[in-house]
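Have the sequence and the model open side by side. The text below goes from the whole chain down to single residues.

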Amino acid sequence: MSVSQKYRPETRLVQSGILRSQFGETSEALFLTQGYVYESSAQAEARFKGEDPGYQYSRFANPTVHMFEKRIAAFEGAEAARATATGMAAVTLALMGQVKAGDHVVASKAIFGSCLYVVEDYLPRYGVSSTIIDGTDLDQWRAAMRPNTKTCFLETPTNPTLEVLDIAEIAKIAHAAGATLVVDNVFSTPLWQSPLELGADCVVYSTTKHIDGQGRCLGGVILASEKFIQDNVHIYMRQTGPSMSPFNAWVMLKGLETLSPRVRQQTESAAKVAETLASHPKVSRLIYPGRADHPQAAIVKKQMKSGSTLVAFEVTGGKKGAFAFQDALKLVRISNNLGDAKSLITHPATTTHQRITQAQRNELGISDGMVRLSCGLEHVDDLVEDVVTALKAV
Ligand SMILES: Cc1ncc(COP(=O)(O)O)c(C=O)c1O
């Protein structure tokens, strides 16, 4: 039974997509099965012909995975969803599923490192050219479009500098050139930004982050219109198999039930941390979407319903200062993950962005003193105290 779109988004996160079995369970069942049995040979034949509704094999579809897909689609306001093994599987499939040799892809340079790898290194191996631009500059999007541009890809807010790109304007540019727009919405979560409403054709998540929210399972999801999924994703996924496991889908499904209160609290904490750090003498730069001093504050106001669970800031003293600060933290743990119930911090220049050159880091605004804090569910006062105390070590 699916819960109608007439209910508010938070209600859909708890009640949508339930496929209740004959036992009438309250909590969704975990269908940990690879295959399905048929009542007769004729039924098996009909199922394979698509004439008998039902499941065939969990690489194609599984009831628990289905419940997760239905629930996230209902929240996002998407017609269809396909859950994948990881966020990278979702990004790769959303892009590869649309293109063929001779096509062209445009992407913003400030995207997650592995996404950049797929666009810059993998696509060209299969004859798909790509252009990487500064996504905050609309003229660069316009200039990059070619007659064979098939799709555009961006992430907003970006990692780790939390720049915000204008989804509605970029969608218009892509569509005018006959291309689609795919948005990686990980940093804002489905709670605070709705790319499909803003004109994007497809939205992808690493559900590994806020959707699980407790650091357990990897996963991803692709959301779009039924047509987009049928034309670009469904068959590719069925035949190549980057499917989400039923167990992970069950964890993600239960994660969705608490997504709203978790992300709300984490966002409130991040805003409070940002406010505290904004005037701190050991912090030379602070970036938080939602603050009036954010470089793209007007776009944030237009397209995001709230800020972010992440705060990026530059500690004085470069790498030495950043390391001293991170090492002095008692509660916040050093980890490159994000969106967890536990607060996590990372030094992008020596971890997630160490493979790129210093010049590229400079271009992306990733200085040696920059750290990215993912606020968790600890009491905000403990979090602020931990950060402020650790800054004394700088
Ligand atoms: C913005 C963004 N997109 C995609 C991914 C990839 O997700 P996963 O690690 O689930 O493959 C990540 C992971 O860190 C990410 O931060």
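What percentage of the 394 residues in the protein chain do buried residues make up? The figure is 49%. A residue is buried if 20 or more other C-beta atoms lie within 10 Å of its own, exposed if 12 or fewer, and partly exposed in between, with C-beta atoms placed from the backbone.

Two notes on reading the model. Residues are numbered from 1 along each chain as its sequence is written. This is a predicted model, in which local features need pLDDT of at least 70, side-chain atom pairs count only at pLDDT 80 or more, and totals for chains, interfaces and linings use all residues.

Start with the overall form. The C-alpha atoms fill a box of roughly 75 × 50 × 35 Å along the principal axes. The chain has 15 helices and 12 strands. These are DSSP runs numbered from the N terminus: helices are H or I with at least four residues, strands are E with at least two. Of the contacts with a separation of 6 or more, 74% join residues 24 or more positions apart. Two residues are in contact if their C-beta atoms, placed from the backbone, lie within 7 Å.

Now the domains. Domain 1 covers 9-30 + 61-257, and domain 2 covers 260-391. These bounds come from an automatic or database domain assignment. The C-alpha centres of the two domains lie 24 Å apart. Where they touch, 27 residues of domain 1 contact 33 residues of domain 2. On the domain 1 side, helices H1 (9-15), H7 (167-176) and H8 (189-192) each supply at least two residues. H8 gives the largest share, three residues. By class, this side has 12 nonpolar, 10 polar and five charged residues. Here Ala, Val, Leu, Ile, Met, Phe, Trp, Tyr, Cys and Pro count as nonpolar, Asp, Glu, Lys and Arg as charged, and the others, Gly among them, as polar.

H8 also holds Thr 189. Thr 189 has a positive phi of about 70°, although it is not a glycine. It counts as buried because it has 24 C-beta neighbours inside 10 Å.

Next, look at the loop between strand E4 (149-155) and H7, where Pro 157 lies. A cis peptide bond joins Thr 156 and Pro 157, with omega about -10°. Pro 160 lies in this loop too. A cis bond joins Asn 159 and Pro 160, with omega about 0°. Leu 162 is also in the loop. Its phi is positive, about 55°, although Leu 162 is not a glycine. Leu 162 is buried because 28 C-beta neighbours lie inside 10 Å.

Turn to a helix pair. H3 (residues 63-76) and H10 (residues 246-257) pack at about 35°, with axes 8 Å apart. Axes are lines fitted to C-alpha atoms, for helices over the stretch in contact, and angles run from 0 to 180 degrees between N-to-C directions. Residues in the contact include Phe 68 of H3 and Trp 250 of H10. By class, the contact has 10 nonpolar, one polar and one charged residues.

Finish at Gln 265, in helix H11 (residues 259-278). Gln 265 is partly exposed because 18 other C-beta atoms lie within 10 Å. Gln 265 and Leu 377 are 112 residues apart in sequence, yet 6.8 Å apart in space, C-alpha to C-alpha.
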